[in-house]
Amino acid sequence: MIQQPIDRRNGGGGGGMETASAIDETAPIAAHRSSGASTMFRSFGSLFGVNRSNNGSDIHSPTNAEAHGYVEFGMQDPDRNGRTLGTFAGVFSPVALSMFSALVFIRVGFIVGNAGLYVTLLQFVIAYLILLFTVASVCAISTNGAVEGGGVYFMISRTLGLEFGGSIGTLFFLANVVGCAMAISGCTEGMMENFGPGGYFTGNGESLRDGFWWRFLFSTLINTAMLLVCLIGAALFAKTSVLILGIVTVCLLATYVSFLAEGSKEIDLPKENPLAVNITKLNYTGINRETLMDNLYPHYANDYTSNGRMVDFATTFGVLFAGVTGIMAGANMSGELKSPSRSIPNGTLSAVSFTFISYILLSFLMAATTPAFTMQNNYLFLMPINFWPPFTAIGILTATFSTGLSNLIGSSRILEALSKDQVFGSLLNFVLRGTWKGNPIAAVFTSWILVEGILLIGSLNAIAQVNSVLFMLSYLATNLACLGIELTGAPNFRPLFKYFTWHTCLIGLLGTLIMMFVINPIYASSSIILCLILVIALHLFSPASQGAQWGSISQALMFHQVRKYLLMLDSRKDHVKFWRPQMLLLVSSPRSCCPLVDFVNDMKKGGLYVIGHVKVGDYTAFVDPTIEENKCWLSFVDHMRVKAFAEVTLAKSVREGVQHLIRLSGIGAMKPNTIILGFYDSEAPKDFFEAGTSPYKTDDFNHGEIQNFPIRHDGDDKQIDVAEYVAIMCDVLRMKKNLCLCRHFHRLDKSFIAKSKHLRYIDVWPINVFNPNTNNPFDVVSLFMMQLAVIINMLAKWKHLRLRVFLCETNNASNDMSSFDTQMPQIDAFSRMKLEQSLKNLRIEADIIEIQEWNRESDFTSHSRVLKQFTSHASEDHEAITEENLNRSLLYMQSRRRQDITIKHQGEGG
């Protein structure tokens, strides 16, 4: 391992690194205002690296802030980007209207008439518990920092990461589109009941034409009216929603009064109901005890708007939940709110409470006044029983219109956020180009077209189940995001909203998941599969997945789990059965050792793999030079596509730095047990980053004339000498680590090995140079070598090769080293049998080749004696050895082994 001195061109200098750091660092404080409070936040923000201009004045970097989108510390400027909406107009009104939708005047009777009062109340409790827990998660995430446009998509993507955020955001966009279509269908249905053939206001006179395509035409006109409002902008939508909420509230109060004031009467059967044969009138009893008792329990019947399909619990709950899915309407407006972190929790919780009380009261009054048969056969019975019927007609039209408007503008904002984040690359660039004065006109038109397609389904009840499942999936993801970030215990998760725990997130998640399958198992399964497909597709193909730095909760979760299991991993419980190599490869310059890095990655067998590098120098600079260089090493690991960690240390010498790496690399029980060094020779290194035929060629590490990882050229002095190199090897052995020396790996071509028909063997020389004998040809050292060879042979590119084990005879029948001195090696049949038996016991298929010329020279004996004394196997009367003698013996034994390998190959004719 050869070190490189600190090069200030590569980030070693203090001044250059300060500049790079300032450029890369994102200022977490929003643009300042002139108030005293903002001055305090600016002072606080300077601690986190706010950019400065050349004259030293504070400058906020909008580029970085917009790119990251999530401002952890700081405050939003109410006046920037046209943020003008408050809590009531921006959150409470759209949420309340969305939760009323078509349900309050059209479908509550359908639910009570079929499911009964008890089941209806149970369904409302289940639905609102799911909503309440989801709202708690939304409030927690939205009060943990600034929230930009995109609402739920923004929250999920900045918490779960781009893949989950993009997929859930896409499905939530579709949910809003379907919700808009459902609201328009309800509005059209109300128009037909009032102004169609036999309608309440037209009777037998002139009326609107009815039929599938006529209803589609009227739905298109309503959708177009919503389009015009959205094109004008969010301000008009807010004003419209406040006005409509007032109208709906008055109409709802009129309905309550009518239940109490009106007595028994008969109402007409709708002409589009073909199921009630020979019946033209339906009864209404007013407040009646018998009616209440009859309506307590379920009376499931056929649905006359869905071709007579039988109603069940799933159908009624699907319709109910589809009507109350508007809790995200306020979050969707996050880009237009003055203070999203305050308005979203307050407005959403208030709207949820208000609508829950309204629905419970309405359900009870319906059950106490209207027979089940009437509610099952006339979904618009509220109009004829009202003391002024136009109240109900106005309520239906305004509630459904506002709900559809909220979903349409919400879907356009989500689509705009998806396009800004480049989730689908250039596919949605037309949305950004089609924005005028902050209003995403192209996104509004896209949403309008998709709503038109959904309207072709026709029936409101059929659309409701699709709508419910899609909204539930987005709620599930929201609860999952909050649960994950809560379980990780991230110190920066400090939401202002405190009324939540991981229990509420888990209950909301499980409740949402279960009710998805209760409503419609097919829709639920399809939506989950679609979500997973989107996750995989975005991970593989989305350009934003490479550059988005939003902070994914997956990293926090992995850290939490890895730390927990590392603490459980006890090195004292290691067993030889489960031993695996934990590699530390010492590298001077990655340019010259790419094949070796790749080869060691094959040899690690699921174990720890650390690539270590030593920079020689003193730690006197203002900034540690290894910080910036570590980023280059991580990029190198990515380029090589190896499963490795990079460790860079700074030391006064290479030997000292290697000691640091051996002792400190890894964590807990995951520590390197095998140290790998390149061989010390005079061969000039090869630059694999620039070689024309190299599979590792890249220009990513060249910056003009400056190169990362400089390489030694011919004629340049080596950074370490032979003595220091041998001393490093001795240090490795003294630290009780395995030592591997690698040579000629610049000639390794794995693709050639995989294709070649001439290369047939992997050769293993099981020789312990410290204690060579034939009594135990498979001692610990030899077993280690055999293990590495078997691991390599398991891989696909090496699997076609066969192992070949060389039995090196020494004619040593005992452990007495004196037998080396006088006797020539002889072939011992017993040694071969013993080796064959060992290979059989270890389940290793290999050929055995006998080598008889191992210890012919007298120098072998003397050097072996030195090494025996070093390993404490010699007798005590041996003379003391010096480190110089030890180093000389080590080099001799290694060179001797290389000579034998060369002789063997020459003997076989190459």
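**Cavities, a helix and a sheet**

Analyst: The largest cavity is lined by 31 residues, and Ser592, Cys593, Gly678, Phe679 and Pro685 lie nearest its centre. A cavity is a set of points on a 1 Å grid over the protein atoms alone where a 1.4 Å probe fits but cannot get out; lining residues have an atom within 4 Å of a point. This is a predicted model: local features need pLDDT of at least 70, side-chain atom pairs count only at pLDDT 80 or more, and totals for chains, interfaces and linings use all residues. Residues are numbered from 1 along each chain as its sequence is written, and side-chain values use heavy atoms, without hydrogens and water.

User: Which elements give two or more residues to that lining?
Analyst: β8 (583–586) and α24 (594–603). Helices (H or I, at least four residues) and strands (E, at least two) are DSSP runs, numbered from the N terminus.

User: Switching topic. Why is α11 largely enclosed by the rest of the structure?
Analyst: Ten of the eleven residues of α11 (313–323) are buried, so the rest of the structure largely encloses this helix. Buried means under 20% relative accessible area (1.4 Å probe, protein chains only). Among them are Phe317, Leu320 and Phe321.

User: And the strand order in the open sheet?
Analyst: β15-β16-β17, with parallel pairing. Two strands pair if DSSP finds at least two bridges between them. The edge strands are β15 (761–764) and β17 (846–851).

User: How many bridges join β15 to β16?
Analyst: Four. Ile762 stands opposite Leu803 in β16.

Methods. 1 Å grid on protein atoms, 1.4 Å probe; cavity = no way out; pocket = protein on both sides within 12 Å on 5 of 7 lines; lining within 4 Å. Buried < 20%, exposed > 50% of the residue type's maximum accessible area, 1.4 Å probe, protein only.
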